[in-house]
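Hi everyone, thanks for making time. Let me put the structure up, and then we can walk through a few spots together.

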Amino acid sequence: MSKPRFTTRQLTTAAIIAAVYTALTTLLPIPQYGGVQLRVAEAMTVLPFFFPEAIVGLTVGCFLSNLLLSPIPMDWIFGTAATLLAALWTRRMPNKYLAPLPPVICNAVIVGAEIALFFMPEGTAFLPAFALNAFTVGLGEAIACYVLGLLLLSWLPRVKALHLTAHA
């Protein structure tokens, strides 16, 4: 019998992360979609820095949030892909101060391009639309990740139940 890839604790952690991400995105009355957005749940995208299972949790949480609230199937795919790539990249960051950078870059580029391609009025030039949307999405992501995400990364090692000592 082979060893399971994830322990029960890791699967539970991933499920809790997915549920919290989905709840924060679907229940908070702030702009969560479109060119100007501030997803508070995106602060959680720094969690792979400490927890590899957060990659699965964030990806599932983002997909569920987009599936529930975005009527555009392209957002289900590209928004979720941005979160997955950001989570994988965040896991490889050498310190907590760089951990918020991948979500900011991935969402600015991927979601900014998605909005410019699929949501702008016909005849709108792609590059100006992309630049504007990448900036506004990236700004919202930077606020969520660098303000709230860094607070989360500073607070988590203090929770004795988690036994976090250093980035693996």
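Let's start with Glu 114, which is buried and yet has no salt bridge. What is the nearest side chain of opposite charge, and how far away is it? That would be Arg 39, 8.3 Å away. Please keep in mind that this is a predicted model.

To find Glu 114 on the screen, look in helix α4, which covers residues 101-118. Setting aside residues up to four places away in sequence, Glu 114 touches Met 74, Asp 75, Phe 78, Gly 79 and Phe 119.

Now over to Arg 39, in the loop between α1 and α2. Is Arg 39 buried or exposed? It counts as buried, because its relative accessible area is 8%, and the cut-off for buried is under 20%. The side chain of Arg 39 makes a polar contact, at 3.0 Å, with the side chain of Tyr 21.

Leu 58 belongs to the largest nonpolar core, a group of 19 residues. Along with Leu 47 and Leu 153, Leu 58 touches the most other members. Which helices each supply at least two residues of this core? They are α1 (8-27), α2 (54-69) and α5 (126-155). Helix α2 gives the largest share, four residues. As general background, nonpolar side chains in soluble globular proteins tend to be buried together.

Methods
Residues numbered from 1 in each chain as written. Predicted model: local features only at pLDDT ≥ 70, side-chain atom pairs only at ≥ 80, totals over all residues. Heavy atoms only, no water. Core = buried A, V, L, I, M, F, W, Y, C linked by side-chain atoms within 4.5 Å. Buried < 20%, exposed > 50% of the residue type's maximum accessible area, 1.4 Å probe, protein only. Lys, Arg positive; Asp, Glu negative; His and termini not counted. Salt bridge = Lys/Arg side-chain N within 4 Å of Asp/Glu carboxyl O. Contact = heavy atoms within 4.5 Å. Polar contact = N/O pair within 3.5 Å; in protein donor to acceptor, adjacent residues only side chain to side chain.
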